[in-house]
Amino acid sequence: MSAVAGFLRSRLWLVTLSALMALFVVNWILQPNLVTPNVLKSNLSVFLPVILVAIGQTYVVLGGDIDLSVGSIVALVNVVTVSVIAALGGGAGGVLGGIAAGLVVGIACGLLNGALVALLRFQAIVTTFATGIIFGGLALMVLPTAGLPVPAEYWRTYGSSPLGLPVVLWVLIAALVIVAVIAGRPFIKHLAAAGGQRAAAFQTGLKLAQIRILAYALCGLFAAFASLCLTGETASGDPLMGRTLALASISAVVLGGTALAGGSGSAFGSVLGALVLGMIGNVIFFAGLPFDYQTLIQGLITLLALAGGVLVARRN
Amino acid sequence: MPPVLEATGIAKHFGAVVALSNGSLSVGKGEVHALLGANGSGKSTLCKIIAGTVARDTGSLRLDGSEVSLRTPREAEARGIALFYQELSLVPQLSVADNIFLGHERTGAGGFLDARQLRADTDRLIARFASVAGTGFTADAPVSGLAPDQRQIVEILKVLARKPRLIIFDEATAALDRRQVELFFAILRELKAEGVSTIFISHRMDEIFEIADRITVMRNGATVASFASSETDRDAVVRSMVGDVGIRDRVERAVPPSSGAPRLKLKGASSRRVRDVSLTLRPGEILGLGGLQGQGQSALLQGLFGALPFASGTLEIDGRPVSIRKPADAVRTGLAYVSGDRGRDAALHGRSIFENIGSATMVREKLALVWPRHLRPRFEAAAAALNTKYAGMEAPIGSLSGGNQQKIFIARWLATDAPVLLLDDPTKGIDLAAKADFFALVRNLADKGTSIIFYASEDAELLSLCDRILVFNSGAVSAELAGASLDSFHLTNAAYGEVA
């Protein structure tokens, strides 16, 4: 038993993967046309923002912190992007300019969070709750009401399929490549050390502030990616976009086997966790249950994942 | 050839506290240099200054004869100085290999981790010290799954992986058993043969004479003596640690402790930090717990009080066996516990003095839900017995000074009339006048028949107050001092002794 627990402890994502496969089978039974290119593509389009935000959230959580402001970062990036595109008069140049502005805003928000938490030593949960309100307020200042469409080039490209694969899949592949690159560098060990045993990491001479700020910046960057994808979906600006993403991303991170206390976990696991969350929604929808059940069940599953993590950790 | 390290006249103060007034140390190439001194003598501060984790106020540090600054751990590390941390510096979630090379990862093309190289380096390190590291763990094992002694070895390997030329081992052997200590010494000798110098802090005198080439002794923040270990002996070293003054400063008790049946009898108590401790406590007796800090004294008191319950052992109070699994059991049994960590262990922050005094009585007398106004006179009497200065029972606890707060926490227990009082380094951080009041009170309570177990990190407090002292080493009682042997020479000697 303890051998099994020990094995699972370092590979909690295996449990998530099994759950994902089970959900996939159930979904397929309920929705026979699930495994067709169009349905898979539209599913991925729906899940992608949560996946991206969850990847970013993983780095922050791994470092022993948390980011409750990601939802507002998504909104702020969206309104800045559409506004910059409009200001530049649309066109390919305008779109690229808007995307660049959005990415800069995402990273800047992350850097601000990181600086407050790691340099000024504010408590992460309260700080990012507050900065989330600030970012949300800024989004409303930039664009008070939803609207302001993006040029057709933007959403047409987002919906296209270069080299035979849809853009949403290319985005996912690109995100996974970034995850793999980060996972292969000393940074990820330093981050896990910062989250796992901060005093030990400090004594070892790691630059804790730099590490934690970088994690927040990555989180902001991935939130910006998510926002740009959502913008491709909605094709317009919306200052209230992404409100549920912060909590959904934390659920995905937990489901993916990352310890909320920090120190262990992986962004790949969070991708699986986000997919599980999405599939739960699908299954509930196709089983004909009211939509209200979706959040209830997602909440229960997250609680279960937390309890499972605690149990496995205790047995060791 | 100049010494590898030469520290002279190092001073450091933290606020008003002088941690180090005149620290000096000279370590030759390939030398094992033992640094000795009582709690608070400044040896840890001196080591931290050498390792760059604490910046010195004044004094000179020379490496190979040239002055160096060593203001940060990185700077010291770059100069080949490594500090072994007594408080473990490992990350439990990471593997052995990741921990050993944390912050010094080997990277290949494009800055990627070279996992194979990392593994090979770790295996080589484990193999080189296989006699010590044994086969108990592999490079991939997560540190969270290792036993404390294995973690200690990983910690040592982590230091060695930096290939330093001067290593400071601050109590590296504390978690190791005798066999592992032998193996650790084998490593030290091997390092010595390679010309690596070590500063070795240990609380076991026998180990010091076994391994050290030189011994430097510190007392009250200053270096007082340095010996070649072949030209001195244990008595001379202990004498220089203790100094010439204050060998015996015991204040005789007005009422000697009762010689009747024991109030409390503990047999074979063991827990994670306590090994097979037995003791008896008579009515009116003040029993001291001595030895170096962190040798299990606090863990014993917290065990008796049910905060860190014992895994085994039996406890009798007034001849009746009792089982204490949590603090509430202890309170109902008539035990009281006062800790020096006021903020962490005792204060009900933001609550009134009345509530802070009343909490233990509530538990002891199983009063729930209603604040017992009728107890007010009793609480006031308890506070008055301690000369506590306070504005009123309704004033918040935070309005009092540290010393007066500590009196309130003692009043909390006086109000319960507990027959056994456990004092866990109770005078930590309170001023001298409050200390004197406090000692008078403890004597007074004992004279009236209260049995007291008293742990203090300052030897002088123990020697002035206690009827008997049990000296702790590595979680076990290594000696019992009573009568003529109640002096600082015997106390220091026993604290540094091998476990019997």
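**Close-up views of chain B in a predicted model**

In chain B, 69% of the contacts between residues at least 6 apart in sequence join residues at least 24 apart.

**View 1. Overall form of chain B.** Chain B comprises 18 helices and 20 strands. Along the principal axes, its C-alpha atoms occupy a box of roughly 75 × 50 × 45 Å. Of the 500 residues in chain B, 47% are buried.

**View 2. The two domains of chain B and the contact between them.** Domain 1 of chain B covers residues 5-242, and domain 2 covers residues 264-495. A distance of 35 Å separates the C-alpha centres of domain 1 and domain 2 of chain B. Where these domains touch, six residues of domain 1 of chain B are in contact with 10 residues of domain 2 of chain B. The side contributed by domain 1 of chain B consists of four nonpolar and two polar residues, with no charged residues.

**View 3. The contact between chain A and chain B.** Chain A provides 20 residues to this contact and chain B provides 22 residues. On the side of chain B that touches chain A, helix α2 of chain B (residues 73-78) supplies the largest share, namely three residues. By class, this side of chain B holds 11 nonpolar, seven polar and four charged residues.

**View 4. Pairing of strands β11 and β14 of chain B.** Strand β11 of chain B (residues 264-270) runs antiparallel to strand β14 of chain B (residues 312-317), and five bridges join the two. Within this pairing, Leu264(B) is placed opposite Ile317(B) of β14(B).

**View 5. The hairpin of strands β14 and β15 of chain B.** Strand β14(B) is also joined to strand β15 of chain B (residues 320-322), by three bridges and in an antiparallel arrangement. Here Glu316(B) stands opposite Pro321(B) in β15(B). Two residues lie between the strands of this hairpin, in which Asp318(B) adopts a positive phi near 50°. As background to both strand views, side chains in a regular strand alternate between the two faces of the sheet.

Methods: Residues are numbered from 1 along each chain as its sequence is written. Chains are lettered from A and ligands numbered from 1 in the order in which they are written. This is a predicted model: local features need pLDDT of at least 70, side-chain atom pairs count only at pLDDT 80 or more; totals for chains, interfaces and linings use all residues. Two residues are in contact if their C-beta atoms, placed from the backbone, lie within 7 Å. Helices (H or I, at least four residues) and strands (E, at least two) are DSSP runs, numbered from the N terminus. Ala, Val, Leu, Ile, Met, Phe, Trp, Tyr, Cys and Pro count as nonpolar, Asp, Glu, Lys and Arg as charged, and the others, Gly among them, as polar. Domain bounds come from an automatic or database domain assignment. A residue is buried if 20 or more other C-beta atoms lie within 10 Å of its own, exposed if 12 or fewer, and partly exposed in between; C-beta atoms are placed from the backbone. Two strands pair if DSSP finds at least two bridges between them.
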